[in-house]
Amino acid sequence: MFRMWGKIFHENHMLKDTVICIDSDLNRTRKVYQALEEICYEFDLGKPIWLDATIQDFKKHSKARFTQDNFIEGIDFDYLEIQVIEED
């Protein structure tokens, strides 16, 4: 089971959160992309762009923050944070 926690923050307060569970034979990268897509769908957001700094943070900590720089359209929160909480 692969689980990812998605959270939206504004002024250091969590506004929304969700946990996405993926139980498939995909590799880790595809599970991350699928979970992020489901998080964005649930929060009604466009998919963020993975910048180099975002990728490096995710590789080190299994956690990443997507700010306005990562989104094409405007957002009404400070950042979207994703975190892997369980892996196979």
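1. Basis. Residues are numbered from 1 along each chain as its sequence is written, and side-chain values use heavy atoms, with hydrogens and water left out. The model is predicted, so local features need pLDDT of at least 70 and side-chain atom pairs count only at pLDDT 80 or more, while totals for chains, interfaces and linings use all residues.

2. Aromatic pairs. Rings of Phe, Tyr and Trp (its six-membered ring) pair if their centres lie within 6.5 Å; planes under 30 degrees apart count as stacked, over 60 as edge-to-face and the rest as tilted. The count is 5 aromatic pairs. W50 and F58 are edge-to-face because their planes stand at 80°, with ring centres 5.6 Å apart. F71 and F77 are edge-to-face too, at 90° and 6.1 Å between centres. One aromatic cluster is formed by Y33, W50, F58 and F66.

3. Buried means under 20% relative accessible area, exposed over 50%, and partly exposed in between (1.4 Å probe, protein chains only). F58 is buried at 7%, F71 at 4% and F77 at 7%.

4. Largest pocket. A pocket is an open set of points on a 1 Å grid over the protein atoms alone, where a 1.4 Å probe fits, with protein on both sides within 12 Å along at least five of seven lines; lining residues have an atom within 4 Å of a point. The largest one has a volume of about 170 Å³, taken as the space filled by probe spheres set on the points, which are joined across faces, edges and corners. Its lining consists of R28, T29, V32, Y33, W50, I55, F58 and K59. The elements giving two or more residues to it are α1 (28–42) and α2 (52–61); helices (H or I, at least four residues) and strands (E, at least two) are DSSP runs, numbered from the N terminus.

5. A salt bridge is a side-chain nitrogen of Lys or Arg within 4 Å of a carboxyl oxygen of Asp or Glu. There are 7 salt bridges by this rule. E87 pairs with R28, the closest N and O atoms being 2.8 Å apart. This links the segment after β4 (79–86) with helix α1, 59 residues apart. D88 and K31 also form a salt bridge, at 2.4 Å from N to O. D88 is exposed at 65%, whereas K31 is buried at 6%.

6. A salt-bridge network. K7, K63, R65 and E81 are linked in a network of salt bridges.
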